[in-house]
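Hi,

Here is the structure I promised to pass on. Have a look at it first, then read my notes below.

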Amino acid sequence: MRPLLGEEEALAAAEAVRSGWVAQGPRVREFEEAFAASVGARHGVAVSSCTTGLHLAVHLLGVGPGDEVVVPSLSFIATANAVRYTGATPVFADVDAATGNLTAATVEPVLTARTRAVMVVHQAGVPADVEALKALCEPRGIPVIEDAACAAGSTYQGKPVGTNAVLAAWSFHPRKLLTTGEGGMVTTDDADWAVRLKRLREHGMSVSAADRHHGGSAVIEQYLETAFNYRMTDIQAAVGLVQLSKLDAIIARRRELAARYHELLAGVPGVTAVRDPEYGTTNYQSFWVWLPGEAPDRQEILAGLAERGVSARRGIMASHLEPAYEGHPGAPLPVTEAFTARTLILPLFHDMTNDDQDTVVSALSETLHTPHLTVRG
C-alpha cells in the first residue's frame, strides 16, 4: 500500500499551520461533518486513531470488568486490545472463509449472559453482514459496534458502510485509503452519544478549547468525568478533507486494479482471491489471496516473491496466536487459523501499472511452481 498524497494535501496542511490554529479546531469540525455525511451517519467525532475510537465506543457503553465483548481474532490486535483497555474480556469468535468476517452463525455459539457488545470488523474493507448480526444481538440487548477501520467507501446493501451504525470506528492510518497520517473517527446517529464522545476525547471538559476560544466571553470549563486525550489536530483534518474529496476516485482505481488481478489470477491454479460479497462491495483496501493446499510454506512463498522483486505481506493476523494473548481462553477457531496461515496480501496501490501487476502474478506463479502461466495484458 502506498498512500495517495500530493501537493493539495501539502498546501492544506501548510494553510492550517499558517492559520495559527493547529490543535483541534474548525477544520476538525468541518472534517467530522463531511466524513459523517459521506458514510451516511448523523454525527462524526474525530479522534487520534481508530484504536482510541474503539476504546471510546466500548467505554461509552459502560463496559468494564466482568463483562465480555465478542470480537474476531482475525483482525489487527487493536480490535481485541480496545476491549481489554476497559477491563472487560474479549471473546474470540470464528469468521467466514470467504469474507474474513464474523457472521451470526459464528457469533451465536460464544454469546453468554456476560456479553455486553459484539464488535464486528469489516475486514480489509470487505463489508460484514451487519443486519444479520443485529437480528441476532439486538433482541438480546447486545449492541453491535462496527470496526470500520479499513472500510471507508465500501458499501452494504447499496449504502455506505457506516449507514445506520450504532457506533462505527474508522482509521486514517497511512495504510488506509483515506489517510491523515494518524487519526480516526467515531460515527453514530445518536446526538447525546456524540456530545459525550467529544467530551471523553478531551479530558472530560464541559467546553472544548476551540469553543472556549471563539466564545467571545470568559468561560471557565469544568471537568465532568475522568476521560482521555484522544484529539485530532487541525493539520490532520485539513489533509483529511482533501483526501475525502479523492476517495471515490481512489476506490474506482482500486476496483479496476482488483478486477485485473482477478483476471490474471484465474491462470494460477488453486489460488482464490477476495471478492465482493453478494450484499455489498469492497473498497479493496487489501487484496488477499488464499494459497493452494499443496503450496510451499508461506514464509517460503514470501521469500520467493521478495527474490523476484515483489513485496507481499502475510495474511491478516490472528490475535489469539500472538504472545499478548497466550493462555487467553477461547473456543477453537479453525477458519481463523487457516485464514492467517494460508493467505497473503498482494501489492495494490493507486499508481500501480499493468506491468507491475504482471510482475506480481508471474512471481507468484513461479514461486508456487506453476511455470506455464500465460499472463494476459
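Let's start with strand β2 (residues 68–72), which runs parallel to β3 and is joined to β3 by five bridges. Helices (H or I, at least four residues) and strands (E, at least two) are DSSP runs, numbered from the N terminus, and two strands pair if DSSP finds at least two bridges between them.

Before going on, bear in mind that this is a predicted model: local features need pLDDT of at least 70, side-chain atom pairs count only at pLDDT 80 or more, and totals for chains, interfaces and linings use all residues. Residues are numbered from 1 along each chain as its sequence is written, and side-chain values use heavy atoms, with hydrogens and water left out.

Next, the inside. A nonpolar core is a set of buried Ala, Val, Leu, Ile, Met, Phe, Trp, Tyr and Cys residues joined through side-chain atoms within 4.5 Å; buried means under 20% relative accessible area, exposed over 50%, partly exposed in between (1.4 Å probe, protein chains only). The largest one has 52 residues, and L265 and W288 are among those with the most contacts inside it. Helix α9 gives the most to this core, with five residues. Apart from it lies another core of 36 residues, including V47 and C50.

Two loop residues are worth a click too:

- A124 sits between β4 (115–121) and α6 (130–137). Its phi is positive, about 55 degrees, although A124 is not a glycine, and at 4% relative accessible area A124 is buried.
- P296 sits between β12 (287–290) and α10 (298–307) and is buried as well, at 14%. Beyond four places in sequence, its contacts (heavy atoms within 4.5 Å) include R342 and H369.

Cheers
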